[in-house]
Amino acid sequence: MNGRSDSVEIISPNNVLANAMLRSIDMVRPRLQATNPDRVAFCVGTQINGAPHLGTSLVQTAAFLLAKQTKRAFGVDTVVRFGALDNAPYDIRLDPETHHAYQTTYFHALGADGVDDLLGKYYRGMFDSLADATGVDYEIETYTAQQTDPAFRHEFLATLGWLDQIRWPLAPSHGQVHLRLPCPECGWAEKRAERTRLQRTGSGGADFTAVCTDHGDYDIAVTADTGAYLDLATLYRNLVKERMAARDHVTLSVMVKGGDWAYGCQLVDEAFAQLPGPVPPPRIFTPMVLTDTGAKLSKSLIREGKVAPPPGTHPWMLDVTEWPGSIDDYVDAMVWLVGKMLADPKHLYRSYTTQELDRIMTARPATTTGVRAREMNLYRRYFDLVASGRKTIEVRVQYPNLRNLKVGDHIRFVCGRDDALTQVRRVARYSSFEEMLDSEGPARVNPDSPREQQLANIRRIYGPEKEALGVLAIEIELLDHAV
Ligand SMILES: [Zn+2]
């Protein structure tokens, strides 16, 4: 369909999930059937602590492709939500007396602007490119922003009444939950919260005491809307985030995580089991990148010289900015690779060694069409007009991923199994659909429908809040069609 065929073969044994499902995307179907949501958000979280590696790209690319396939297979609106974990430890030091570890987060060390710079440096270009390649929009939220959300803080406060029950699943070896409430004066917090104590919890909030190496004892009051920074360790953060997501009946959240999380979620599920209320959201685990020993590829172990780079490792596998080419070129390679993994549940629910990934990527066919097209989905009645060349103006609202759309770009319109490749001749921006129709002329948007009917149809697709983003009229020229 897209003019690209390849004979790279992946051989995978059968497994329990592959035996149960024909398509990888069917993993979201049970909850879709049960809850009938308006849209599905594929949620992916990444620690903001330096250059991403291949494993990170696999998870992120899978989120976009799963969103694209879900939209197509189940006809539901989808989005990718990127959680930027700016509470990753930036620096760690030891208290000279107790030898307790203290840490400060990326947010506390670099500030919101510094974190935003890192997001721009490592992720925005990749996400814009993934959005273009898949036709799926994305949202970025930092952990720092998330923990200020009253809903998040309320969800956390609600768990404190069951702290005696959930502290065992969250910390099975000692029951000491790593709940970090940084010192208000310096922003450092005891990493393992050895001396952080819950003094009182009630309906309005909770009072804690903690100890800073430099500033001594301090009190922290956590309520739904106070500013005290709430740095939850990994398992607790996932518990709160997943419980919050599970309460949303309009948007179904699907967590997309690296395969090593399949183990970690066992404890999150134990904590869920101790609490009343929602059940965990659906989760999809993506393949792990392994060394020749079968261990997960670890950038830090290699950097520290504890292990040698395993066979088949390329520099870009450890640091994706080392990819010998543009971001678009890298994203195309990832979309191809993850597309192959998603094509069969046997290929998705397994891991890959660096050597096997090297073999697959080396055999990757060159892009044969020569054009990189962003994909846009169309209803059948509009698609047929585009594919016959009768519709030359496509109307969209100005989603963030369309801000770079320009003359000369290619757009592949998709409807079911059909697609039509077009090239952008002109992009005009308007403040309303009326203004756009008056200026462009309704016949070029839809030759078969009168102006007022078009306006009603467009407004059924895009509500007032979407129209407020701005209206794009995209003049297109049909290059080929394969109906
Ligand atoms: Zn301090």
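Which residues does the UniProt annotation "domain: ASCH" cover? Select 376-480: that is the range given by the annotation, which comes from an unreviewed entry. Keep in mind that this is a predicted model.

Color residues 376-480 by secondary structure. Over this stretch the chain is 33% helix and 34% strand. Now pick the C-alpha atoms at its two ends. They are 15 Å apart.

Select 16-169 together with 234-286 for domain 1. Select 373-482 for domain 2. Give each its own color. The centres of domain 1 and domain 2, taken over C-alpha atoms, are separated by 33 Å.

Move to the place where they touch. Eleven residues of domain 1 are in contact with eleven residues of domain 2. About 910 Å² is buried between domain 1 and domain 2, and carbon and sulfur atoms give 33% of that area.

Now look for charge pairs. Three salt bridges cross the interface of domain 1 and domain 2. Zoom in on E375 and K68. They form a salt bridge, with the closest N and O atoms 3.2 Å apart. Between the two domains, four residue pairs are in polar contact.

The most come from α4, with five residues. By type, the residues on this side are three nonpolar, two polar and six charged.

How values were computed: Residues numbered from 1 in each chain as written. Predicted model: local features only at pLDDT ≥ 70, side-chain atom pairs only at ≥ 80, totals over all residues. Heavy atoms only, no water. UniProt positions renumbered as here; feature names shortened; annotations may be inferred. Helix = DSSP H or I, 4+ residues; strand = E, 2+ residues; numbered from the N terminus. Domains from an automatic or database assignment. Contact = heavy atoms within 4.5 Å. Buried area = accessible area lost by both parts, 1.4 Å probe. Salt bridge = Lys/Arg side-chain N within 4 Å of Asp/Glu carboxyl O. Polar contact = N/O pair within 3.5 Å; in protein donor to acceptor, adjacent residues only side chain to side chain. Nonpolar A, V, L, I, M, F, W, Y, C, P; charged D, E, K, R; others polar.
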